[in-house]
Amino acid sequence: MQEKELKTSLSQRIVIGIIAVLLLASTIAIYALIVLNGEKNKATSSVKKEELAAVTKELTAKQDELKAASDKMSKQYFGTLNSFRNKVKAYNAETVQNAGLKPTDLKVGTGAEITNSTKSYYAYYIGWCPDESVFDSSFDDAKKPTSLKAPLAVTNPASLIAGWSEGIKGMKIGGVREVDIPGALAYGNEREICGAKNSPLKFIILPVNVTEEYKTLNTEYNNLYRKYQKIQSEINGIGA
């Protein structure tokens, strides 16, 4: 092979030069995009963090308003629920399991009746296990209660365990009912409660009237909380 054949021609050198320039230009462009995108993300994150701080402040204020309204209701209904704490006793798990769903009215209410068409209501409650231990309740303290927490807002009856949803039907607002629930109508094998799966449960349920003020505050609080979660998720997405 002759020496001149090893040398690149002028046209080849021009093409190589053009390719080199294009590669350099594309590298610079990609770097610029990365930098700009990073700066944009920083700016967006900063705005979102400011927005989150503002929503957090609103959420805290709304929570305080909601607690004040809840405290008023606690004073109204604490005595009623507390008077039935003596019903919380140990029971034979097998008996409740075999007897099936058993609702027993302890006090008949005077308000609207809860039926299949009832879309929402509020309630205070005590839930306990066969050994008498309370696994959940509306009291601030299971052993020495002094007040009630916010009432349970039931906005989708189907989201509750079947024993509760069925056991409360026919009750009138303001009444008190004890409901024996076999494991199959409680949490079944999906969740371990009372130290075992498919455990029977007992509840004392007090559905109550709430003020329009409380309903409004509860709705506003939930809306703000969803907004808070959305912004938090967006910030986490930017940082990902």
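This is a predicted model: local features need pLDDT of at least 70, side-chain atom pairs count only at pLDDT 80 or more; totals for chains, interfaces and linings use all residues.
Colleague: How many helices and strands does the chain have?

Modeller: Helices (H or I, at least four residues) and strands (E, at least two) are DSSP runs, numbered from the N terminus. The chain has 5 helices and 8 strands. Their order from the N terminus is α-α-α-β-β-β-β-α-β-β-β-β-α.

Colleague: What share of the chain counts as buried?

Modeller: Buried means under 20% relative accessible area, exposed over 50%, and partly exposed in between, with a 1.4 Å probe and protein chains only. Here 32% of the 240 residues count as buried. The accessible surface, from the Shrake-Rupley method with a 1.4 Å probe, comes to about 14,900 Å². Carbon and sulfur atoms hold 55% of that surface.

Colleague: What do the contacts say about separation along the sequence?

Modeller: A contact means heavy atoms within 4.5 Å. Of the contacts between residues at least 6 apart in sequence, 78% join residues at least 24 apart.

Colleague: Which way do the side chains of strand β2 point?

Modeller: In a regular strand the side chains alternate between the two faces of the sheet. In β2, Tyr121, Ala123, Tyr125 and Gly127 point one way, while Tyr122, Tyr124, Ile126 and Trp128 point the other way, and all are buried. Strand β2 spans residues 121-128 and is mostly covered, with 8 of its 8 residues buried.

Colleague: Which strands does β2 pair with?

Modeller: Two strands pair if DSSP finds at least two bridges between them. β2 pairs in the antiparallel sense with β4 (residues 152-154) over 3 bridges, and Tyr121 stands opposite Val154 there. With β3 (residues 134-137), the pairing is again antiparallel over 3 bridges, and Asp136 is the bridge partner of Gly127. The β2 and β3 hairpin has 5 residues between the strands, and Glu132 takes a positive phi near 85 degrees in it. β2 and β8 (residues 201-208) run antiparallel, joined by 7 bridges. Ile126 stands opposite Ile204 in β8, and Tyr122 has Val208 as its bridge partner.

Colleague: Why is β8 described as largely enclosed?

Modeller: 8 of the 8 residues of β8 are buried, so β8 is largely enclosed by the rest of the structure. Leu201, Phe203, Ile205 and Pro207 point one way from β8, and Lys202, Ile204, Leu206 and Val208 the other way. β8 also pairs with β5 (residues 176-181), antiparallel over 5 bridges; there Val179 stands opposite Phe203.

Colleague: Is Lys62 buried or exposed?

Modeller: Lys62 counts as buried because its relative accessibility is 15%. Lys62 lies in helix α2 (residues 10-82). Leaving out residues up to four places away in sequence, Lys62 touches Leu217, Glu220, Tyr221 and Leu224.

Colleague: Is Gln76 buried or exposed?

Modeller: Gln76, in helix α2, has 52% relative accessibility and therefore counts as exposed. The C-alpha atoms of Gln76 and Leu148 are separated by 9.8 Å, and the two residues are 72 residues apart along the chain.

Colleague: Which side chain does the side chain of Gln76 make a polar contact with?

Modeller: A polar contact is a pair of N or O atoms within 3.5 Å; within protein, one must be able to donate a hydrogen and the other to accept it, and residues adjacent in sequence count only if both atoms are side-chain atoms. The side chain of Gln76 makes such a contact with the side chain of Tyr77, at 3.4 Å.

Terms used:
Residues are numbered from 1 along each chain as its sequence is written. Side-chain values use heavy atoms; hydrogens and water are left out.
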